[in-house]
Amino acid sequence: MKYFAIIDTNIVVSALLSNKNDSATVQIMEKVLRQEIIPVYSKEIFAEYVNVLNRPKFHFSKNLVDYMLSAIKNFGILKEPNEKNEIILPDMKDVPFYRLVLESENTYLVTGNIKHFPQGQKILTARQLLDILENQN
């Protein structure tokens with residue numbers, strides 16, 4: 001079974017920074033690479049991935065960043081949300097992610113900042129999504 005997820009940038013960064021292969025964020029990104037989780041993203045979200053992953057403070061190699069970005073692009077689904085509805089969140093940089101999950105059926109938003117979003121079944125931590133995947137298999 002395929003699962004669709006909008007992956008918050010903090011999940012990607014956390015996975016790349018982690019030195020623990022069993023961390024939830026690493027497992028999420030491994031499932032993306034194995035095409036068990038299909039990333040859903042917009043042009044705006046992808047631009048944020050590019051911007052954040054290339055920040056010098058993270059010291060990510062260009063090859064690693066290019067590999068991750070190409071995996072998201074090649075295995076993912078580009079979807080542009082309807083921008084007519086106004087959304088207010090504590091961190092307005094999260095609006096593109098939330099807008100996309102509201103308009104996407106059978107898709108989760110996976111984030112490390114769950115408190116930044118209204119509570120709902122579609123907003124999950126990396127661990128919560130892994131638990132759902134394990135219970136479905």
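Where does S42 lie? S42 sits in the loop between β2 and α3 (43-53); helices (H or I, at least four residues) and strands (E, at least two) are DSSP runs, numbered from the N terminus. The model is predicted: local features need pLDDT of at least 70, side-chain atom pairs count only at pLDDT 80 or more, and totals for chains, interfaces and linings use all residues. Residues are numbered from 1 along each chain as its sequence is written, and side-chain values use heavy atoms, with hydrogens and water left out.

- S42 counts as buried because its relative accessibility is 2%; buried means under 20% relative accessible area, exposed over 50%, partly exposed in between (1.4 Å probe, protein chains only).
- Leaving aside residues up to four places away in sequence, S42 touches L78, K79, E80, P81 and L100, where contact means heavy atoms within 4.5 Å.

**Helix α2**
- Helix α2 (residues 24-33) is mostly covered, with 8 of its 10 residues buried.
- The buried residues are A24, T25, V26, Q27, I28, M29, K31 and V32.
- These buried residues of α2 pack against β1 (3-7), α1 (9-17), β2 (37-41), α4 (62-75) and α6 (126-136).

**Strand β1**
- Of the 5 residues of β1, 4 are buried.
- β1 runs parallel to β2, joined by 3 bridges; two strands pair if DSSP finds at least two bridges between them.
- β1 also runs parallel to strand β4 (residues 107-110), with 4 bridges.
- A5 stands opposite P39 in β2 and has Y108 as its bridge partner in β4.

**Pockets**
- A pocket is an open set of points on a 1 Å grid over the protein atoms alone, where a 1.4 Å probe fits, with protein on both sides within 12 Å along at least five of seven lines; lining residues have an atom within 4 Å of a point.
- The largest pocket has a volume of about 300 Å³, the volume being the space filled by probe spheres set on the points, which are joined across faces, edges and corners.
- Its lining holds 15 residues, of which T9, E48, V52, R55 and K93 lie nearest the centre.
- The elements giving two or more residues to the lining of the largest pocket are α1 and α3.
- That lining divides into 3 nonpolar, 5 polar and 7 charged residues; Ala, Val, Leu, Ile, Met, Phe, Trp, Tyr, Cys and Pro count as nonpolar, Asp, Glu, Lys and Arg as charged, and the others, Gly among them, as polar.
- The second largest pocket holds about 160 Å³ of space, and α2 gives the most to its lining, with 4 residues.
- The lining of the second largest pocket has 8 nonpolar, 2 polar and 1 charged residues.
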